[in-house]
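Reader: I am new to this structure and would like to learn how to read some of its features. Could we go through them slowly, one at a time?

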Amino acid sequence: MNEPVGKRAVVIGGSVAGTLAARVLSEFYREVVVVDRDEVLGVDKPRRGTPHTWHAHGLHARGYFILEELFPGLLDDLRDSGIPVGDLARMKWFFNGTQVMPADSGLPSITALRPVLEHHLRLRTAALPNVTYRERTDVNGLLATREGKRIIGVRVQGRDGSAEEERLGADLVVDASGRGTRTPVWLEELGFERPAEERVKIGLAYTTRMFRKRPEMFDGWQSINPVASPSHPRGAFFGQVNENECILSLTGILGDHPPTDARGYLAYVKSLPVKEIYEAVKDAQPLIEPVTFKFPASLRRRYERLKRFPERLFVLGDAFCSFNPVYGQGMTVASMEAIALREHLARRREPDSRRFLREIAKVINDPWDISTSGDLDFPGAEGKRTLKVKMGNAYMAKVQYAATVDPEITAAFMRVAGLIDPPTALMKPGIVRKVLRANRRRPVTGATVTELPRPGSRSRAA
């Protein structure tokens with residue numbers, strides 16, 4: 001441990017963002033307490049407080065490298081337990097119904113079930129001698145100094161129905177409680193303004209089913225992913241999650257939601273532009289009934305723009321910004337925020353709330369631009385279409401087509417999607433030349449589903 005910044009830090013929420021925050025805080029505080037309303041330790045299945053964890057999740061590139069830094073050996077443990085780890089650019093991706101050219105990008109991607117990955121992270125974090133999880137406990141509010149300028153703890157209460165409310169003191173409180181955070185309400189109670197909110201309405205729904213895996217289902221691919229686009233708005237993520245099971249999450253936007261009855265679910269699968277998914281699951285053994293999760297809008301709370309904010313209160317994860325999950329950014333952004341937390345505490349003897357919120361906003365900027373710009377490419381999505389968004393989407397359409405004929409473009413695109421490079425990396429002169437050259441040969445009519453080489457094969461740029 002570094003020289004302690006304080007005696008106790010309290011983290012609200014024990015999912016990925018909260019657990020990663022606790023792992024980092026353990027380096028700077030004598031005691032770290034994670035408070036969650038659910039039972040979380042030892043749990044590797046979806047729980048009531050996190051219904052989105054039923055659905056397909058990916059930990060891509062940047063997040064993978066950060067977890068390896070925070071939890072040495074974790075990723076080997078995941079592999080050893082049968083969780084697939086592969087190259088992000090050698091998955092079977094489809095843009096506009098056409099397969100993207102596979103590439104060797106060196107960008108790892110984990111397709112574990114989200115609760116399984118959370119379980120591994122919590123197992124490692126809870127084993128730290130100065131970290132404690134308080135499960136089945138509600139946080140009823142913040143404790144503040146008399147003038148309200150500084151947070152000094154939280155009010156907690158066990159959920160067994162008999163426990164009395166308790167005052168839990170803290171030198172730092174970190175809100176990682178997710179999209180349903182109570183911090184805006186608590187700020188008002190203390191005499192502060194709520195943060196402004198930005199929303200991009202997409203009306204998304206996931207519907208997911210698990211299946212018994214058969215060897216022929218994937219033909220060597222880790223996952224098969226037709227990405228939704230304006231020309232093919234129905235999408236899917238069909239991937240291996242362990243040695244015996246696979247997951248199929250269907251996505252639909254703007255009210256065109258995948259059904260939850262077995263027959264309707266399969267009909268939706270059949271409507272996808274990639275027919276091999278239907279062929280793989282039409283006679284497969286289902287392991288669960290279809291489950292659905294609705295995501296009305298991406299939401300960003302502009303904490304960094306507040307002129308007044310109480311000291312010793314930090315906000316991160318979905319409590320700060322909740323991304324459209326189809327882009328797979330949430331867990332990776334949470335890991336990037338954990339590193340920002342570590343860097344902030346390593347630089348400063350006193351945590352600075354407003355400075356930290358500005359630092360987190362910078363972490364969020366690129367992922368937010370990527371996901372919201374992508375959403376605004378759909379005519380029915382509600383949000384502000386600036387000239388930057390319109391030009392970016394026009395160019396991105398060309399990049400996506402170029403990736404179907406040039407593996408170097410695939411690798412460059414996946415470095416951005418994996419949050420290794422900023423979106424501006426796709427504007428480098430060499431990339432722009434390749435994109436424009438590929439698009440000169442682009443067919444005038446809509447693309448048809450095109451099959452490209454299997455993962456073990458190699459291909460040259462067109």
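This is a predicted model: local features need pLDDT of at least 70, side-chain atom pairs count only at pLDDT 80 or more; totals for chains, interfaces and linings use all residues.

Reader: How should I read two packed helices, and at what angle do the axes of H1 and H8 cross?

Author: In general, two packed helices are described by the angle between their axes and the distance between the axes. Here the axes of helix H1 (residues 16-25) and helix H8 (residues 330-347) come within 9 Å and cross at roughly 25 degrees, and the two helices are therefore roughly parallel to each other. Their crossing is right-handed. Among the residues that make the contact are Val 16, Leu 20 and Val 24 of H1, together with Met 331, Ala 338 and Leu 345 of H8; by class, this contact has 11 nonpolar, 1 polar and 2 charged residues.

Reader: Which value does phi take at Ala 61, and where does Ala 61 lie?

Author: As a general idea, most residues other than glycine have a negative phi. Phi of Ala 61, however, is near 40 degrees, a positive value, and this residue is placed in the loop between strand E3 (59-60) and helix H2 (62-70), where Ala 61 counts as buried at 0% relative accessibility. Asp 219, which is not a glycine, has a positive phi of about 55 degrees; Asp 219 is in the loop between strand E13 (197-212) and strand E14 (223-227), and counts as partly exposed at 38% relative accessibility.

Notes: Residues are numbered from 1 along each chain as its sequence is written. Side-chain values use heavy atoms; hydrogens and water are left out. Axes are lines fitted to C-alpha atoms, for helices over the stretch in contact, and angles run from 0 to 180 degrees between N-to-C directions. Helices (H or I, at least four residues) and strands (E, at least two) are DSSP runs, numbered from the N terminus. Angles under 35 degrees count as roughly parallel, over 145 as roughly antiparallel, 65 to 115 as roughly perpendicular and the rest as oblique. A crossing is left-handed if the near helix is turned anticlockwise from the far one by less than a right angle, and right-handed if clockwise. Contact means heavy atoms within 4.5 Å. Ala, Val, Leu, Ile, Met, Phe, Trp, Tyr, Cys and Pro count as nonpolar, Asp, Glu, Lys and Arg as charged, and the others, Gly among them, as polar. Buried means under 20% relative accessible area, exposed over 50%, partly exposed in between (1.4 Å probe, protein chains only).
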